[in-house]
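Visitor: Hi, could you walk me through this one? I'd like to start with a single residue and then zoom out.
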Amino acid sequence: MPKYIAAIDQGTSSTRFILFDHRGQIVAVDQKEHHQFYPQSGWVEHDPMEIWIRTQEVILNTLQKSGIHPSEIAAVGITNQRETTVIWDRTTGQPLHPAIVWQDTRTDEICRDLAKSGGQDRLRDKTGLPLATYFSGPKIKWLMEHEPKVSQAIENGTALAGTIDSWLVWNLTGGKNGGLHITDGSNASRTLLMNLKDRQWDGSLLDLLGIPRHILPDIRLSSQLYGEAHGILEGVPIAAILGDQQAALFGQTCFNPGEAKNTYGTGCFMLLNTGNTPVPSRNGLLTTFGYQLEGQPAVYCLEGSIAISGALVQWLRDNLGIIQKSGDIEDLASSVEDNGGIYIVPAFSGLFAPYWRSDARGVIVGLTRFIHKGHIARATLEATAFQTREVLDAMKSDSDIDLQSLRVDGGMVVNDLLMQFQADILNVPVTRPKVAETTSLGAAYAAGLAVGFWKSLDELRSNWAVDKTWIPAMESARRDRLYSGWKKAVTRSFDWINS
């Protein structure tokens, strides 16, 4: 009888393979980073072959370290960075261009042209999304228009397009020797090509962007038996696909309407479960597909997407050399009592929710001779908390739900200073679960449900446990003053890029 569930967690900066036991506890894990390529300003690319190689390496390393055989694994779930777009040739198995990453802004002109008729929100009724460089459909259109190898492969009938989950599943299930070309609604809903209501590719949207249906994957449920893996995981059922933020929602067991989580990674993403009906946003949020289990109706969410959070810490480390490693930022930020009056607005690739301003760029405001690197470190952490407050305010307005607490996960939640400031600026308790790897856990849970490893959502809820809770401790007058300063700083980032 298999004892374990596995998750492939393919993120923006690294890939992990994690084995979980029946209690949802981590048994073994391996992780490897992959390169980030910046060919020109605003462009961000990954090498899909490197990602596939790293995926195989972490699987093999985890099995070798743990001594666990694939026959002991009941199923594997896949979770992935969303919107990052790959086009490859099904006859050779080779990518036709580097993957265009979700942060990339090269499709700005395409999005602006589409918005000339009907505005930035012209597709919201069908997709729940604004026209923005964030999403995959315009990336596919750009590749078709600018890469001759892509247009030739489409003409030859050999091109396949998809997000990273599709690329991994295709390779895991045989690649050019019969690999499955599939995705799920959580990823498909991030393309500007899927109709939220019927959860299928929409003909009018495909026509608008000029994208042929035959290059796109089939849309499946988030949790079902798709097929079996070949290679290192030979014979292990592949039974879940979830975009990383929806997987984190599932791993946090936010199964009821009104429950929310926030993930602090390269970007920052808050999702609120709104139940079985899409809730339109009036305040710059995304209406998105959450997940769908076998025999169950689809679950929808409101999402606030923040492009830069942990990436700002990496910028301090890699570009400015202010810290040696990411973990150093807490001590440096704690060396000062406050931000010294400065704010950092990290609009490196424009602003996402709730503004959707592709013309914005990053700014540091309020600089005086008094400011030193401790204040810069503190303002870096505070930027994530302020952006989260903006998203939460929009969610309250859209949903009429007052959150009683916020469940948090991701790499930055080990930072006590940030989490306390987050609770203070939101004025709600912030809770970290004992298993903080909730993205991987969510993919594992969804896969386990599909094969009967777990029997019910209640069984998954019983696994969730609190590790730490931060209680708001800031006076309301100070909270209001700090947040007002942030809102003022954000306006200084607007209109930097001329249309």
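Visitor: Leaving aside its neighbours within four places in sequence, what is Q81 in contact with?

Guide: Q81 is in contact with Q10, G11, T12, H34, H46, I51, V101, W102, I164 and D244, where contact means heavy atoms within 4.5 Å. This is a predicted model, where local features need pLDDT of at least 70, side-chain atom pairs count only at pLDDT 80 or more, and totals for chains, interfaces and linings use all residues. Residues are numbered from 1 along each chain as its sequence is written, and side-chain values use heavy atoms, with hydrogens and water left out.

Visitor: Thanks! Is Q81 buried or exposed?

Guide: Q81 counts as buried because its relative accessibility is 0%; buried means under 20% relative accessible area with a 1.4 Å probe, protein chains only.

Visitor: And which side chain does Q81 make a polar contact with?

Guide: That of T84, at 2.7 Å. A polar contact is a pair of N or O atoms within 3.5 Å, one able to donate a hydrogen and the other to accept it; residues adjacent in sequence count only if both atoms are side-chain atoms. The Q81 side chain also reaches the backbone oxygen of G11 at 3.4 Å.

Visitor: Where does Q81 lie?

Guide: In the loop between β5 and β6 (85-89). Strands here are DSSP runs of E, at least two residues, numbered from the N terminus.

Visitor: New topic: what is the strand order in the open sheet?

Guide: The 6 strands run β3-β2-β1-β5-β14-β13, with mixed pairing; two strands pair if DSSP finds at least two bridges between them. The edge strands, β3 (26-33) and β13 (223-228), each pair on one side only.

Visitor: How many bridges join β1 to β5?

Guide: There are 7, and the two strands run parallel. Y4 stands opposite I73 in β5.

Definitions and conventions
Helices (H or I, at least four residues) and strands (E, at least two) are DSSP runs, numbered from the N terminus. Buried means under 20% relative accessible area, exposed over 50%, partly exposed in between (1.4 Å probe, protein chains only).
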